[in-house]
Amino acid sequence: MSQPLALRSEAEALAAPMPALLAQAEHLASTVILGEHGRRRAGVGDTFWQYRPAQASDTARSIDWRRSARSDAAFVQDKEWQIAQSVLFWVDQSASMRFQSDANIQSKSTAARVIALAAAILLLQGGERVGLTGLRLPPKRGEAQIRQMAEQLAEDAEVDYGSPEAQGMLPHSRAVFVSDFLGDMAPIEGALMRAADRGVSGALLQILDPQEEAFPFDGRTVFESMGGTLRHETLKAGDLKTRYEDRLRERKDRLDHLAKVTGWQFRTHHTDRPATSALLWLYQAMERRN
Amino acid sequence: MWPIGPIGFLSPWLLLGLLALPILWILLRAVPPAPIRRRFPGVALLIGLTDDESQTDRTPWWLLLLRMMAVAAAIIGFAGPVLNPQNQETGDGPLLIIADGTWADARDWNARIERIDALLNDAARQGRPVALLSLTDLPETTLFQSASAVAQTLPNLQPNPWEPAEDALFDWINTLPGDFDTYWLSDGLARKSRDLLLTDFEARGSVTVFQTPRQTFGLRPARFVDGEILVSATRTPIGNDTTIPVVAIGLDPAGVERQLVTVDLDFTAGEPVAERAIVVPPELRNRITRFEIDGVRSAAAISLTDDALKRREVALLSGAGDQEQLDLLDPLFYLREALEPTADLIDGTLSDMLLANPDAIVLADFATLASDETEGLLEWVENGGLLVRFAGPRLAASEIGRSDEDPLLPVRLRQGGRSIGGTMSWGEPKALAPFAETSPFFGLQVPDDVEVTAQVVAQPDPTLASRVIAQLADGTPLVTRKQVGEGSVILFHVTANAEWSSLPLSGLFVQMLERLAISTRPSDIEAGELEGTTWLPEDVLDAFGRLYDGRTLAGVDGSLLENPSPGPELQPGLYSGNDRLIAVNVIDAETALATAQWPNSVTVEGLDVSEETDLKGWFLAAATLLLAIDVIASLAVGGRLRGPRADITAALLALVLLTPQWAEAQEDEFALNATSNVVLGYVLTGDEHTDEISEAGLRGLSRTLFQRTTIEPSAPVGVNIETDELAFFPFLYWPITPDQGLPSREAYGKLNRYLRSGGMILFDTGDADNASFGSSSPEGRTLRAIARTLDIPALEPIPQDHVLTRTFYLLQDFPGRYASRDIWVEAAPADAELAEGMPFRNLNDGVTPVVIGGNDWARAWAIDDVGNRMFPVGRGRTGERQRELAYRFGVNLIMHVLTGNYKSDQVHVPDLLERLGQ
């Protein structure tokens with residue numbers, strides 16, 4: 001008798017983070033007011049953009065006869081370019097993202113998911129297609145896509161540090177990698193290089209906890225990674241502070257450098273700061289054309 | 001016990017534990033503090049970093065020292081350190097602790113109890129059996145018990161207001177078993193019984209006496225000598241000049257006990273007795289109930305007065321008027337002689353005498369009285385007066401009491417009277433017959449030489465026989481008496497001078513007057529007089545000089561009172577019987593006090609030796625404190641004070657260190673806030689909504705006052721009547737809600753103080769829309785419950801000329817949100833009069849402490865933060881008018897609180913102007 005009940009409650013527990021994630025993301029997305037979003041250039045689309053004199057390359061079918069009849073030249077009606085962009089997200093779901101130094105601030109994974117989802121909502125509203133890397137969720141449009149994205153993002157991965165999956169990225173599409181980038185750099189580098197090879201540009205958003213930035217420890221301490229695979233013991237944690245900060249800065253510089261080389265953008269977000277600023281930055285990074 | 005300097009240890013071998021400290025030092029030093037495990041994703045960046053130095057895995061030396069000290073304090077604490085250990089000889093065997101337990105002990109009884117406690121502690125430590133007793137309260141058998149059991153009975157040991165009885169002591173000493181050591185807490189007074197006891201005790205073991213050199217005072221009974229009261233006190237004749245204050249205490253005319261007279265007694269150096277005579281008006285003297293040495297706590301410092309000091313007031317009046325005659329022929333001469341030593345005599349006219357309400361009035365040969373004098377006299381007799389009349393030529397010649405009985409004569413009289421034994425008459429002068437048993441004179445010896453030569457004669461009558469209290473040998477009534485109301489009328493059928501009889505010349509005359517309670521009995525009691533009588537204790541004294549109601553105690557045999565010596569059967573106090581009082585005092589007129597002297601063989605110690613202090617608790621507390629510091633310090637060293645938990649620790653520390661100051665600062669802030677300006681207060685009811693409305697209402701009223709008057713109040717303050725000081729607020733608004741709890745007893749005390757000292761409370765039941773006074777709304781019931789214990793004067797509905805109607809605005813109505821007229825204020829005094837030509841009565845005193853109504857003023861006054869009205873009042877323009885009147889009522893009320901009744905004084909303006917014009 002208890003089995004269906006247990007199943008139900010487990011299912012509910014599993015589904016519980018999803019609506020909350022969606023709600024948070026929608027809430028966050030609603031704080032961004034969409035400004036100019038059209039491509040502001042002629043292209044394939046439905047809405048009128050401009051009349052232009054017909055070129056030799058234009059087929060006779062494309063000539064707008066109603067306009068041409070009012071003058072001697074032949075005119076072609078340009079539509080505004082409305083080709084939808086594909087934006088693929090990779091959000092680090094590894095154990096290290098679950099770190100949360102204070103009950104009052106979000107965990108890194110929550111922040112990452114909320115920001116990514118909110119950006120996806122905004123992009124969907126802008127008419128783009130969004131999806132997840134790694135062939136998990138091909139880019140599509142529509143509300144259902146958001147639900148599916150939220151479902152997939154709500155899962156947690158077992159690995160200690162995540163590495164981006166670069167498969168499934170369409171050529172010349174856009175990509176967003178959200179992670180703490182504290183793990184091994186080689187996969188990150190590889191993924192970025194592969195993306196650059198395909199002409200994919202995008203944004204790297206590094207999410208860090210304030211404690212990871214400040215390293216406020218002292219005394220004899222055993223540091224363990226969230227999954228417990230890495231372990232480091234020190235007798236005087238306070239002495240490590242400067243060296244830790246050096247290393248962190250070095251890591252950030254390297255990411256920044258990588259981004260510049262591959263035509264990506266990079267920014268660090270701290271979980272104790274409002275997520276809106278990160279979202280805005282992310283959205284504008286998507287808008288920017290190189 | 002193993003003493004080091006002033007400190008001894010109960011279990012010194014525990015101190016060996018201190019040897020282990022160095023080992024502990026090494027151990028602690030070798031063990032580094034345990035690491036903290038932290039989950040931290042940034043560890044990936046840490047991999048490969050090494051520590052600079054490797055020394056910090058050792059505990060820092062100061063932390064080690066701290067721990068060493070904690071451990072050392074614990075070890076020392078458990079070793080039982082004692083400051084000033086008592087080094088009594090470790091005697092064994094039974095121990096007898098005796099206290100004199102007399103009134104002289106009472107003054108420092110606590111010190112004695114503490115000393116005994118210390119002795120018992122010693123005995124407990126040494127495991128000696130102890131017997132503890134007081135010499136004034138000897139047990140039937142003396143049991144030696146364990147000291148801890150005896151210590152439990154220590155509170156039962158109380159001093160008694162008498163001295164040990166010698167024969168009882170001797171009986172007791174014979175019952176004592178075996179040998180024992182003795183500790184004797186002496187009261188410092190010499191006593192005959194001491195020597196014998198001491199001999200016996202010394203024979204059985206060592207004797208130690210505890211005695212402090214000091215003076216003991218005793219107050220002797222005050223005596224009445226030649227119209228003065230002689231107050232005397234005695235002391236142990238050591239020491240210098242001293243002055244002790246003695247007060248006479250009695251009831252004042254209102255029946256309240258207070259100090260009537262104060263007198264200082266000066267002792268000269270080495271002198272045991274000090275005396276001083278004081279003159280006290282009879283009126284005052286008769287009210288004195290006791291003398292006390294001020295500030296001395298002992299039964300000996302109190303001397304109760306009995307009838308000895310009381311003197312009866314006797315009025316003497318002669319019918320002869322102011323005839324010029326020889327003193328010896330004056331009808332009142334013998335009476336004066338007889339009464340003067342023991343009674344206060346009053347002369348004057350009859351009406352003056354009646355005003356003085358004397359105990360007895362003597363009318364000598366007084367025949368006719370004016371009718372109002374008769375009435376007054378009769379009334380006085382009926383109220384308990386004693387009227388004594390003497391016959392004489394006038395009475396014999398008058399027509400009073402011939403045909404019917406005169407109310408002021410006990411019998412009817414025959415015309416003329418008779419004279420016997422004279423030259424012109426038959427028979428011999430008659431002697432007195434022995435007094436009958438029913439007569440008040442029964443028992444008095446009749447001298448042979450008393451002869452009666454003339455008298456008035458009573459008319460035979462059915463009631464005559466019962467009224468005769470003395471008769472002549474031939475059976476002729478000589479003295480007759482009848483009861484009138486509560487008093488009585490007595491007629492001596494002879495004259496008060498020696499004209500008709502030799503009775504006034506004899507000692508019998510004085511005794512007869514005494515028996516009739518015309519004069520006071522002398523204080524000394526005649527032998528055998530009290531035999532077989534029973535006396536009831538009225539008040540009894542305890543050893544500390546406190547008076548207790550003695551009416552629950554059994555009566556005592558009169559023979560004990562003849563030569564009173566206080567004891568268990570006869571407690572000092574006041575005994576009544578036979579309509580007189582006898583005081584039994586600890587100190588009598590002959591008591592002499594002397595300091596007890598002890599032979600050299602006896603060790604004499606003072607009472608207060610250096611106090612033994614157990615330091616165990618202190619050491620253990622220090623150890624705990626050090627360990628607590630160690631906890632914080634180890635956390636700090638281990639890095640646990642930083643990071644996530646640091647704020648909690650800091651908050652805890654701050655809480656521990658700052659709480660008291662914070663509370664104090666808050667209290668100060670409240671007081672400053674309330675006193676730096678006029679502040680209207682409202683009582684916090686506990687209902688948040690009501691409190692908000694009260695605040696908003698008073699805010700609106702404050703603003704109105706600010707705009708319209710010179711009163712410029714600060715923001716209103718909520719007052720918690722349980723905790724806050726009320727005295728800062730001239731005015732409190734108290735909304736009543738049905739579910740309000742009753743204030744605590746302390747809060748009631750504060751409220752009553754507040755009301756008495758001029759504060760005003762406006763009770764607002766806010767129910768005038770659906771209830772008027774008389775009908776009971778839930779709010780009204782709550783108000784009644786709350787006000788029941790408050791000190792509220794009589795109330796009345798606000799009269800038309802109450803000063804509230806004109807303190808600022810002229811008002812006749814006092815509406816709030818509702819416009820009920822049921823407003824209650826303190827009732828005007830009943831004698832307030834409407835002066836002619838004045839619109840108001842003269843009501844000049846006091847501000848009404850409460851105003852009670854149900855018009856929900858707060859809602860009418862209420863404004864929100866930006867000044868908007870919060871609640872509608874009435875409808876349209878009428879409603880606005882009503883709100884305006886509500887504000888005016890508020891202004892008038894605060895004006896009334898702050899300025900009192902000066903507007904009421906305006907009624908005097910014409911008078912003042914007229915006076916200025918002159």
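In chain B, 6 strands make up an open sheet with mixed pairing, in the order S7-S6-S5-S8-S9-S34; helices (H or I, at least four residues) and strands (E, at least two) are DSSP runs numbered from the N terminus, and two strands pair if DSSP finds at least two bridges between them. The edges of this sheet are strand S7 (145-146) and strand S34 (603-605) of chain B, each of which pairs on one side only. Strand S9 (residues 207-210) of chain B runs parallel to S34(B) and is joined to S34(B) by 3 bridges, with Thr208(B) standing opposite Thr603(B). Helix H4 (residues 109-126) of chain B lies across strand S5 (95-99), strand S6 (129-134), strand S8 (181-185) and S9 of chain B, and runs at about 175° to S5(B); here axes are lines fitted to C-alpha atoms, for helices over the stretch in contact, and angles run from 0 to 180 degrees between N-to-C directions.

The model is a predicted one, in which local features need pLDDT of at least 70 and side-chain atom pairs count only at pLDDT 80 or more, while totals for chains, interfaces and linings use all residues. Residues are numbered from 1 along each chain as its sequence is written, and chains are lettered from A and ligands numbered from 1 in the order in which they are written.

A second open sheet, also of mixed pairing, is built from 3 strands in the order S9(A)-S8(A)-S3(B). Its edge strands are strand S9 (231-234) of chain A and strand S3 (36-39) of chain B, each pairing on one side only, and neighbouring strands are turned by 20° against each other on average, direction ignored. Strand S8 (residues 221-224) of chain A runs parallel to S3(B) with 4 bridges between them, and Glu224(A) has Arg39(B) as its bridge partner.

Strand S12 (residues 228-235) of chain B is mostly covered, with 6 of its 8 residues buried; a residue is buried if 20 or more other C-beta atoms lie within 10 Å of its own, exposed if 12 or fewer, and partly exposed in between, with C-beta atoms placed from the backbone.

| Strand paired with S12(B) | Bridges |
|---|---|
| S10(B), residues 217-219 | 3 bridges |
| S11(B), residues 223-225 | 3 bridges |
| S15(B), residues 273-278 | 6 bridges |

Within these pairings, Leu219(B) is the bridge partner of Ala233(B), Arg223(B) stands opposite Leu230(B), and Ile229(B) stands opposite Ile278(B).

Turning to helix packing, helix H3 (residues 61-78) and helix H16 (residues 616-637) of chain B pack at an angle of about 160°, with their axes 8 Å apart. This angle makes H3(B) roughly antiparallel to H16(B), a description used for angles over 145 degrees, whereas angles under 35 count as roughly parallel, 65 to 115 as roughly perpendicular and the rest as oblique. The residues making the contact include Leu63(B), Leu66(B) and Ala70(B) of H3(B) and Phe619(B), Leu626(B) and Ala633(B) of H16(B), where two residues are in contact if their C-beta atoms, placed from the backbone, lie within 7 Å.

Helix H18 (residues 688-708) and helix H22 (residues 876-899) of chain B have axes that come within 10 Å and cross at roughly 75°, and these two helices, H18(B) and H22(B), are therefore roughly perpendicular to each other. Their contact is made by Leu701(B), Thr704(B), Leu705(B) and Arg708(B) of H18(B) and by Tyr887(B), Gly890(B), Val891(B) and Ile894(B) of H22(B).

In helix H14 (residues 507-515) of chain B, the buried residues are Leu508(B), Phe509(B), Met512(B) and Leu513(B). They lie on the same side of H14(B) because they cover an arc of only 140° around the axis, the arc being that of the directions from the helix axis to the C-beta atoms. These buried residues pack against helix H9 (333-339) of chain B.

In chain A, Lys108(A) belongs to helix H4 (residues 108-125) and counts as buried because it has 28 C-beta neighbours inside 10 Å. Leaving aside residues up to four places away in sequence, Lys108(A) touches Met97(A), Phe99(A), Asp180(A), Ile207(A), Asp209(A) and Thr271(A).

Chain B has 24 helices and 42 strands, and 34% of its 918 residues count as buried.
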